[in-house]
Amino acid sequence: MINPLLYTDGYKVDHRRQYPDNTTLVYSNWTPRKSRIEGVNEVVFFGLQYFIKKYVIQEFTQNFFQQPKEQILKKYASRINNYLGENKVGIEHIGALHDLGFLPIVIKALPEGVSVPIRVPMFTMYNTLPEFFWLTNYFETLLSTTIWMPCNSATIARQYRKILDAYAEETSSIPEFVDWQGHDFSMRGMAGLEAAVLSATGHLLSFTGTDTIPAIDFLEEYYNANANEELVGGSVAATEHSVMCMGTNNGEQETFKRLITEVYPNGIVSIVSDTWDLWKVLTEYLPNLKEEVLQRDGKVVIRPDSGDPVDIICGNPKGKTDVEQKGVIQLLWEVFGGAINEKGFKELDPHIGAIYGDSITIERATQICERLKQNGFASTNVVLGIGSFTYQYNTRDTFGFAMKATYGEVNGEGRAIYKDPITDDGTKKSAKGLLKVVKENGTYQLIDEVSWEEEQKGELREVFRDGKLFINDSLKEIRKRV
């Protein structure tokens, strides 16, 4: 058991004494301040409901308020004394919070799933009892470490979705297939289980394909999803290299045959196909197994897993051989054929398909769709496995997230506060005073330095106050907003 008040940066523990005497209120906001992804100027808001349920309610109830006060104070004093050495941080304020029995804070937020422009707050937070003014920014570290990643991943997934939707609309007869076209492969490459799940749930706001099983349980527990009644996330049977290697190089064709006729005689099965020679699979094994593939009630999905994704899928014009120049989709077309849809683009026979899940990026996804289009193929001929190369190569600074105080009260008098470092490029310049978010022409806008009366209006909804959660959104509602 860890006291959740210790889930913070070390410098936070004594800010209570650093504020001016008789401080009674601290009012802060969480805002994306800058985009470092070209063309992305709005950020999907996601993760606050989990934070409130998991930490503000569950962790504080079980590991703070329900624990003996003496034990809490003893452990807190021990930790801070060991950490800081001789100090005057004290434990009286910790004891007073324990006596209170709930967290005296208000959190007001925009609806999760909406796209929020850069420099517009996603939520605000302040204390409801004057003696607990220190709590507001005490939460900054835990909020930040929990929420920036689901916002990042939900935003990036939405970019993939926009790209895949646009190409499917232009080239495909099955634009609804895009639900499955972006498939989450990221779990093994993320920085721990919570990071993997937070990122994977952000992905699932835009897609239904995922290999991160815990994300489904997460959405059922924290976002009122029900996998028995709705499609939260799904996948298909698939091999890995160890499976193919155990079948041996000389027996690879037999491994393919066994998989598609005995182990999976129907349904979708994805088979990793570059353990040794991808081109031999496409030009020898699959032609030899053509009838077995076409007689199945289902789809065999070929999965290359190395090389340049764009060239492997679409063909490399500078390739050394004819097969390299043609690429996977063209070679599958030559073996299995398909149909030309009403938009004039080729769609592979529904018994065969392809997926590529190594080193996919937004840029490569765009290039793959564009090259397929130029080659006369619908974009939906391939599924893209989106992994940690996309979701882990980001930080809090990808969208410049920060929680900053903009207003406080001392001796009952309000103070509009802000930061604007002279050495900065403007990114760190904060809003000022009490904040109000309005919606004009479908876009959220910030108005700062408003009165308390105006602060109560606008688009920020009170989602939590004094230990109670007031808004409990469902995955279904959030997906609609995305």
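**Aromatic pairs and helix packing**

In the predicted model, 26 aromatic pairs are counted. One of them joins Tyr27 and Trp452, whose ring centres are 6.0 Å apart with planes at 85°, so the pair is edge-to-face. Because Tyr27 belongs to strand E1 (residues 23–32) and Trp452 to helix H18 (residues 452–455), this pair ties together parts 425 residues apart in sequence. Tyr27 is buried, at a relative accessible area of 0%, whereas Trp452 is partly exposed, at 28%.

The rings of Tyr50 and Tyr55 also form an edge-to-face pair, with centres 6.1 Å apart and planes at 80°. Both residues are buried: relative accessibility is 4% for Tyr50 and 10% for Tyr55. Tyr50 and Tyr55 belong to a cluster linked by ring pairs, which includes Tyr7, Phe46, Phe139 and Tyr223. A contact of another kind involves Phe377, over whose ring the charged end of Lys346 sits, 4.4 Å from the ring centre.

Helix H16 (residues 362–374) has 13 residues, and at 1.5 Å a residue it should span 18 Å; the end C-alpha atoms are 18 Å apart, in agreement. Its buried residues are Ile362, Ala365, Ile368, Cys369, Arg371 and Leu372. These pack against helices H6 (140–171), H14 (309–314) and H15 (322–336), and against strand E14 (382–386). Gly376, with a positive phi near 90°, follows H16.

In helix H4 (residues 92–100), the buried residues are His93, Ile94, Gly95, Leu97 and His98. Their packing partners are helices H1 (15–18), H2 (48–65), H3 (69–84) and H5 (135–138). H4 is followed by Gly101, where phi is positive, near 90°.

Notes
Residues are numbered from 1 along each chain as its sequence is written. This is a predicted model: local features need pLDDT of at least 70, side-chain atom pairs count only at pLDDT 80 or more; totals for chains, interfaces and linings use all residues. Side-chain values use heavy atoms; hydrogens and water are left out. Helices (H or I, at least four residues) and strands (E, at least two) are DSSP runs, numbered from the N terminus. The expected span of a helix is 1.5 Å times one less than its number of residues. Buried means under 20% relative accessible area, exposed over 50%, partly exposed in between (1.4 Å probe, protein chains only). Contact means heavy atoms within 4.5 Å. Rings of Phe, Tyr and Trp (its six-membered ring) pair if their centres lie within 6.5 Å; planes under 30 degrees apart count as stacked, over 60 as edge-to-face and the rest as tilted. A charge sits over a ring if NZ of Lys or CZ of Arg is within 6 Å of the ring centre and within 35 degrees of the ring normal.
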